[in-house]
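I opened my notebook for a friendly look at how the pieces of this fold sit against one another. Here is the structure, followed by what I looked up.

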Amino acid sequence: MPTGEKYNNLKDYIRSLGSVAVAFSGGVDSTFLLKTAHDVLGDKCIAVTARSASFPKRELHEAEDFCKKEGIRHFEVDSEELSIPGFSHNPTNRCYLCKHELFTEILELARENGIESVAEGSNMDDNGDYRPGLQAVAELGIKSPLRHAELYKKEIRELSKGLGLPTWNKQSFACLSSRFVYGEEITVPKLSMVEKAEQLLLDLGFHQVRVRIHGENLARIEVDERDLDKVLKYRKKITDDFKSYGFTYVTMDLTGYRTGSMNETLDEAAKGNA
């Protein structure tokens, strides 16, 4: 199906919802979804962003700025994942625990504001990875308009560019808790270490980055394979600054960036049990 036809189907579907609260992270997908929903529904569309230790301040400020610029009513909720029983132990269903708690909060906020539906920004590419958070989406009746319209990431970027959205070529992002090995404890200090380390790499001009944390003090850097040599160019600054954040060992993953690399340690049985 042509991308333009999918976009029209998306708008028709959103219109059928009547009113919607969009879970808004400021990323490529949720920005495109929010912009489209607001264009279709106007004031019957609101944005809801979660504040937490695993959500970088950079992303929160970008979400706030976008809503101000577009004139979209923006709500922020405190969603401290570390207070969810079992979450800090980083089980394989960590994302399910987080999304269930978050969307329950957003549903309540939507009801309080007379909003009929809650929507999130997963797309068709998300169907191919290990995504336990989508189970919470299904259980709570959260809408997934981009998947409903069968839109893929590449198409969303293309449509975002056409709409003049600043996020059309923004790097992919996932919450900082995804940087931890399953079974290793997630703590606020370690989340802060990861946030600072990734911000440094972005400030140095790297576009797509992940800093995975192993144990208490080992950092594994993932960047686009085209930028591997660039890591070596900035080797001393990266090492010195990472150590100032609390890391003892700084390593580079020679495979380069890929989504969900922590899932590579899971076998199918573990995914099924989660």
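**Entry 1: H2 against H3**

I began with a crossing: H2 passes H3 in a right-handed one. A crossing is right-handed if the near helix is turned clockwise from the far one by less than a right angle, and left-handed if anticlockwise. Helices (H or I, at least four residues) and strands (E, at least two) are DSSP runs, numbered from the N terminus.

Before going on, I noted that this is a predicted model, in which local features need pLDDT of at least 70 and side-chain atom pairs count only at pLDDT 80 or more, while totals for chains, interfaces and linings use all residues. Residues are numbered from 1 along each chain as its sequence is written, and side-chain values use heavy atoms, with hydrogens and water left out.

I then looked up the packing of helix H2 (residues 28-41) on helix H3 (residues 57-70): the angle is about 20° and the axes are 12 Å apart. That makes H2 roughly parallel to H3. Angles under 35 degrees count as roughly parallel, over 145 as roughly antiparallel, 65 to 115 as roughly perpendicular and the rest as oblique. The axes are lines fitted to C-alpha atoms, for helices over the stretch in contact, and angles run from 0 to 180 degrees between N-to-C directions.

Which residues make the contact? On the H2 side I found Thr31, Leu34, Lys35 and His38, and on the H3 side Phe66, Cys67 and Glu70. Contact means heavy atoms within 4.5 Å. Sorted by class, the contact of H2 with H3 has three nonpolar, two polar and two charged residues. The classes are Ala, Val, Leu, Ile, Met, Phe, Trp, Tyr, Cys and Pro as nonpolar, Asp, Glu, Lys and Arg as charged, and the others, Gly among them, as polar.

**Entry 2: the four-stranded sheet**

Next I traced an open sheet of four strands, ordered E3-E2-E1-E4, with parallel pairing. Strand E3 (74-78) and strand E4 (117-119) are its edge strands, each pairing on one side only. From one strand to the next, the twist averages 30°. Two strands pair if DSSP finds at least two bridges between them.

Is strand E2 (residues 45-51) mostly covered or mostly open? I found it mostly covered, with six of its seven residues buried. Buried means under 20% relative accessible area, exposed over 50%, and partly exposed in between (1.4 Å probe, protein chains only).

H3 lies across E2 and E3, running at about 155° to E3. Helix H4 (residues 94-112) lies across E1, E2, E3 and E4, and runs at about 135° to E3.

I counted four bridges joining strand E6 (residues 218-223) to E7, and the two run parallel. Ile221 stands opposite Met252 in E7.

**Entry 3: H8 and H10**

I also checked H8 against helix H10 (residues 235-245): their axes come within 9 Å and cross at roughly 160°. H8 and H10 are therefore roughly antiparallel to each other. H8 passes H10 in a right-handed crossing. From H8 the contact takes Met193, Lys196, Ala197, Leu200 and Leu201, and from H10 it takes Lys237, Ile238, Asp241, Phe242 and Tyr245. By class, I noted seven nonpolar, no polar and three charged residues there.

**Entry 4: two residues I looked up**

Lys190 lies in helix H8 (residues 188-203). Is Lys190 buried or exposed? Lys190 counts as buried, because its relative accessibility is 5%. Leaving out residues up to four places away in sequence, Lys190 touches Phe180, Glu185, Ile213, Gly215 and Glu216.

Asn8 is found in helix H1 (residues 3-17), and at 41% relative accessibility Asn8 counts as partly exposed.
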